[in-house]
Amino acid sequence: MDPKLTEVSQYFERFKAACVREDIDTSANLLSQLKVSLTSFRSLPPLFEVTPNSVQELTIARDIYEHAVLLSVKMGDQDAFERDFFQLKPYYTDARKRLPPSPQEHMILGLNLLRLLVQNRIAEFHTELELLPAESLEDPCIKHAVELEQSFMEGAYNRVLTAKQTVPNQSYDYFMDLLAKTVRDEISGCSEKAYDYLSINDARQMLLFSSDNELLQYINEQEHPEWEIKDGSVVFQKAKETAPCKEIPSLQLINQTLSYARELERIV
């Protein structure tokens, strides 16, 4: 085996071991070194030169970037996820005919779809979906993301929140937690506009918590100091009182409209 490829393989084994024991700092440092080492392989994108070890080099590079994507999830770093995913993507598309399929491919593609959904990048979500081959759409990881998007667009928030119980892989939990927070923030914003107060039981059911303690923790930790717990109810009235009320400058708008009408009349 080529000495450079052997060195990268040894570093990769150390990197995987650090990831298994969840040593984030060591993993991140080893990943940086691995990425630098990969730049010496001319068989990798964008060159794709044919070399004696091109298949092995492409395979280990793909494995490294797959682990990099999963490490970014553990770190909770969405920017790193996006960078590593775009570095990985050519191995799933341009190098598809040169390599055997990766067992992690659909799981990572599904993770990326989930990321786009969490970031509300719906147009990009559908673009990525259109680029997938038909057989990939039947994979549980892809179907999970598609069903989530449909539930989210339909406003079926209960299905979005309960979907965490059926995630196809544990690495999905990070984005599912972010999506759950987004959904609950949306529900709470509508609730405080629609109601003066709700019983704790009703508020718990509306926000889809399984216990009163989870509801109280959400109120205390999720920046809702304007909500009050009083006589077994969640009172929103204080939130309404503190919300700024913008006055519509009706007279100014009328004058502007009449001015526009006079100018149009002169033009005609």
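The following legends describe close-up views of a predicted model.

Residues are numbered from 1 along each chain as its sequence is written, and side-chain values use heavy atoms, with hydrogens and water left out. Because the model is predicted, local features need pLDDT of at least 70 and side-chain atom pairs count only at pLDDT 80 or more, whereas totals for chains, interfaces and linings use all residues.

**View 1. Helix α7 and the elements that cover its buried residues.** Helices here are DSSP runs (H or I, at least four residues), numbered from the N terminus. The 15 residues of α7 (residues 140-154) should span 21 Å at 1.5 Å a residue, and the end C-alpha atoms are 21 Å apart, which agrees; the expected span is 1.5 Å times one less than the number of residues. Cys 141, Ile 142, His 144, Ala 145, Val 146, Leu 148, Glu 149, Ser 151 and Phe 152 of α7 are buried, where buried means under 20% relative accessible area, exposed over 50% and partly exposed in between (1.4 Å probe, protein chains only). The cover over these buried residues includes α5 (105-118), α6 (122-131), α8 (157-162) and α9 (173-194).

**View 2. The two ends of α7.** At the start of the helix, a side-chain oxygen of Asp 139 reaches to within 2.9 Å of the backbone nitrogen of Cys 141. After the helix comes Gly 155, which has a positive phi near 80 degrees.

**View 3. The packing of α2 against α3.** The axes of α2 (residues 24-38) and α3 (residues 54-75) come within 11 Å and cross at roughly 150 degrees, the axes being lines fitted to C-alpha atoms over the stretch in contact, with angles from 0 to 180 degrees between N-to-C directions. That makes α2 roughly antiparallel to α3, given that angles under 35 degrees count as roughly parallel, over 145 as roughly antiparallel, 65 to 115 as roughly perpendicular and the rest as oblique. The crossing of α2 past α3 is left-handed, a term used if the near helix is turned anticlockwise from the far one by less than a right angle, and right-handed if clockwise. Among the α2 residues at this meeting are Ile 24, Ala 28, Leu 31 and Leu 38, and the α3 residues that they meet include Ala 61, Ile 64, Tyr 65 and Met 75, with contact meaning heavy atoms within 4.5 Å.

**View 4. The packing of α5 against α9.** The axes of these two helices come within 10 Å and cross at roughly 20 degrees, and α5 and α9 are therefore roughly parallel to each other. In this pair, α5 passes α9 in a left-handed crossing. From α5, Leu 111, Leu 114, Arg 115, Leu 117 and Val 118 meet Phe 175, Met 176, Leu 178 and Leu 179 of α9.

View 5. Most residues other than glycine have a negative phi, and most peptide bonds are trans.

Technical notes:
Polar contact = N/O pair within 3.5 Å; in protein donor to acceptor, adjacent residues only side chain to side chain.
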